[in-house]
Every structure is written in structure tokens, then in C-alpha cells.
Amino acid sequence: MELWYTEQHTQNVRFTIKVDEQLYNGQSEYQRIDVFKSKEFGTFLTLDGLMMVTEKDEFIYHDMIVHVPMATNPEIKNVMVIGAGDGGTVRELTRYKGIENIDMVEIDKMVVDVCREYLPQTASKLDDPRVHLYFEDGLRFVRSKENTYDLVIVDSTDPFGPGEGLFTREFYGNCFKALKEDGILVNQHESPYYDEYAQAMQRAHKRIQEYFPICKVYQAHIPTYPSGHWLFGFASKKYDPVTDIKEESWNRLGIKTKYYNTDIHKGSFALPTYVKDLLTDTVE
């Protein structure tokens, strides 16, 4: 009998991967956690039946959520990461010798424990001495911070279930307060292609715009995420990621990546017309 993992992207669209075996199944306090092994995408993690990370394409997501802000301000030293239980975002951040502190705030310790065991590819740097793990609600954690971080990365699940509070006005306002005067906020910004995801993206963008003077959206192609067309939000008190990119400084670091480069950095902010239209539409 063949085993297939299937995710419902919309009422009319499903995405499916042939699975060799299920490596793990568990229920935490917050969500169902599954790990599968497949020929095409390697080992992959799902939460409540939704794809989070695969061995084959995780480099695209983690490159783009980390290296875009780091190339905009290579002097970043103090970082907060919210979510990111698989560890891939932290792995990329630890490649920067200039970063002195990474506070990773993940609500579900079981996700981290499972990824340490089954996805060492992404969880390999969680024990770096600069990394401090906090297993608590990111919304609550960020409330107590003020003028602390150079960079906040919101590597969250979709805006329902455990990740729902990370898409609110209050949360983005607290992120603004937690950042220093030249601070940067980057978040996964959903897909513009299917209506439900596009509406979540529009709401998040509108709420971030209420606080940050500079708000941009950039894109990447991630095959296992809904539609494959995925967006990231970039917001800053000072830096424009297109005009302020420190291209030569970043390239001198000699960081070898599989997806990111400074050319794709600049190009990723060139958005299709339908996405531009969505970003300027009025939403509640």
C-alpha cells in the first residue's frame, strides 16, 4: 500500500507527496507534530497537517528570511527570532561572526526536541553559545522588550492556532518597541496566490505599515509551500533593503549560500503587478 502526505491548500486544491515512512507522530500541548521521510523531499516536518520544512527546499526559506536583513545591515549584533522551532533560521544567523546574541522564542519545546532528533540539518546550531532558547509565547516575550534588538525575525506558522497572535496589531507594535532606532523586522508573509493566504498577507502588511516608516515585501519560490509563491515582509525604522543594501560588505564575508545572493536580493523586491495591487488594496 502506498502512503501519501496530502495538504489541503484550498477547498479545491491539494498538494501531495509520496511518503516512504512516517518517522514520528506526537501531540504536544499546542499541536500535532509529524515527521515523514520521502524520496523527493527527504525528511519533512508538518504541524497540524501543514507543511513546515523539508530537507530539500528549506535552504530557500532560511536563506531569504536571514540574509536579506543581514546584507542590509551587516553590523547587526543582537537578534530575536520568534518561532523557528526547526532551527534553520538560527543556523543561518550563526554563520555571522559579528552577531553576539540570538534569543530564540518558541512556544512548543516538543517541536524543537523532535527537530533535534529528526532534522539535524536545520537544528544543528541550536547549541551555539550565542543562542538562548526561551520556550514561551513570543507575543508575551516581546512585550517586555524595549530598544533591545537590531533585528527581529518572525518565523511563525500560519495565522491560526499557536501562531495566530503573531499577526496582530499589538504584536507588531511591540516588535517596533523592542527594536533599536535602526532596527529591522522580517516576517514570513504568506502567499499572495490563494485568497485565504492573500488576505492574511494583506492584513499583516497593513498592520506593519501602521508602525514602521519603511515597509517592503519580497518574494521567493518555495516548492512545498502553498502555490510555491511565497512572500516575506521587511520593515525598518531606518533601512531601505533595496537602496541601502551593503552589497560589497556582504560579499566580502564569503558566506556560501545555495539560494541567496546580492543580485537576487535586489530582484526579489520586484513584485508582480497583482501582488502590488493586493498590497495597496484596503483590507480590515
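Biologist: How much space lies in the second largest cavity?

Modeller: The structure is a predicted model, and it holds three cavities of 30 Å³ or more. For the second largest cavity, the computed space is about 40 Å³.

Biologist: Which helix and strands each supply at least two residues of the lining of that second largest cavity?

Modeller: The lining includes His205, Ile208, Cys215, Lys216, Val217, Gly233, Phe234 and Ala235. Asn187 and His189 also line this cavity. The elements that each supply at least two residues of the lining are H7, E12 and E13.

Biologist: Which elements are included in what covers the buried residues of H10?

Modeller: The buried residues of H10 are Val275, Leu278 and Leu279. They cover an arc of only 95° around the axis, which puts them on the same side of H10. Their cover includes helix H7 (195-209), E12 and strand E13 (229-236).

Biologist: Which residues are exposed on the other side of H10?

Modeller: Val275, Leu278 and Leu279 are the buried residues of this helix. On the other side of H10, the exposed residues are Thr273 and Thr280.

Biologist: Are the rings of tyrosine 218 and phenylalanine 269 stacked, edge-to-face or tilted?

Modeller: A search of the whole structure finds 16 aromatic pairs. In the pair of tyrosine 218 and phenylalanine 269, the ring centres are 4.9 Å apart. Planes under 30 degrees apart would count as stacked and planes over 60 as edge-to-face. The planes here stand at 40°, so the pair is tilted.

Biologist: How many residues apart in sequence are the parts that this pair ties together?

Modeller: Tyrosine 218 belongs to strand E12 (residues 214-221). Phenylalanine 269 is placed in the loop between helix H9 (262-267) and helix H10 (273-280). The pair therefore ties together parts whose separation in sequence is 51 residues.

Biologist: Which residues form one aromatic cluster with Tyr218 and Phe269?

Modeller: Tyr218 and Phe269 are both members of one aromatic cluster.

Biologist: Over the ring of which residue does the charged end of lysine 258 sit?

Modeller: Two lysines may be described here. The charged end of lysine 237 sits over the ring of phenylalanine 176, 4.1 Å from its centre. The charged end of lysine 258 is 4.2 Å from the centre of the ring over which it sits, that of phenylalanine 59.

Biologist: With which residues is threonine 89 in contact, leaving aside its neighbours within four places in sequence?

Modeller: Threonine 89 is found in helix H2 (residues 88-93). With 0% relative accessibility, threonine 89 counts as buried. Beyond its sequence neighbours, threonine 89 is in contact with His62, Ile65, Val66, Val81, Ala84, Ile153 and Asp155.

Biologist: What is the phi of alanine 84?

Modeller: Alanine 84 has its place in the loop between strand E7 (78-83) and H2. At 3% relative accessibility, alanine 84 counts as buried. Most residues other than glycine have a negative phi. For alanine 84 the value is positive, near 65°.

Biologist: Is serine 227 buried, partly exposed or exposed?

Modeller: Serine 227 lies in the loop between E12 and E13. Its phi is near 75°, a positive value in a residue other than glycine. The relative accessibility of serine 227 is 29%, and this residue counts as partly exposed.

Biologist: Which strands and helix are included in what covers the buried residues of H3?

Modeller: In helix H3 (residues 109-118), the buried residues are Val111, Val112, Val114 and Cys115. They cover an arc of only 165° around the axis, which puts them on the same side of H3. The cover over them includes strand E3 (21-27), strand E4 (32-38), strand E5 (42-47), strand E8 (101-105) and helix H4 (120-123).

Definitions and conventions. Residues are numbered from 1 along each chain as its sequence is written. This is a predicted model: local features need pLDDT of at least 70, side-chain atom pairs count only at pLDDT 80 or more; totals for chains, interfaces and linings use all residues. Side-chain values use heavy atoms; hydrogens and water are left out. Rings of Phe, Tyr and Trp (its six-membered ring) pair if their centres lie within 6.5 Å; planes under 30 degrees apart count as stacked, over 60 as edge-to-face and the rest as tilted. Helices (H or I, at least four residues) and strands (E, at least two) are DSSP runs, numbered from the N terminus. A charge sits over a ring if NZ of Lys or CZ of Arg is within 6 Å of the ring centre and within 35 degrees of the ring normal. Buried means under 20% relative accessible area, exposed over 50%, partly exposed in between (1.4 Å probe, protein chains only). The arc is that of the directions from the helix axis to the C-beta atoms. Contact means heavy atoms within 4.5 Å. On a 1 Å grid over the protein atoms alone, a cavity is a set of points where a 1.4 Å probe fits but cannot get out, and a pocket is an open set with protein on both sides within 12 Å along at least five of seven lines; lining residues have an atom within 4 Å of a point. Grid points are joined across faces, edges and corners, and a volume is the space filled by probe spheres set on the points.
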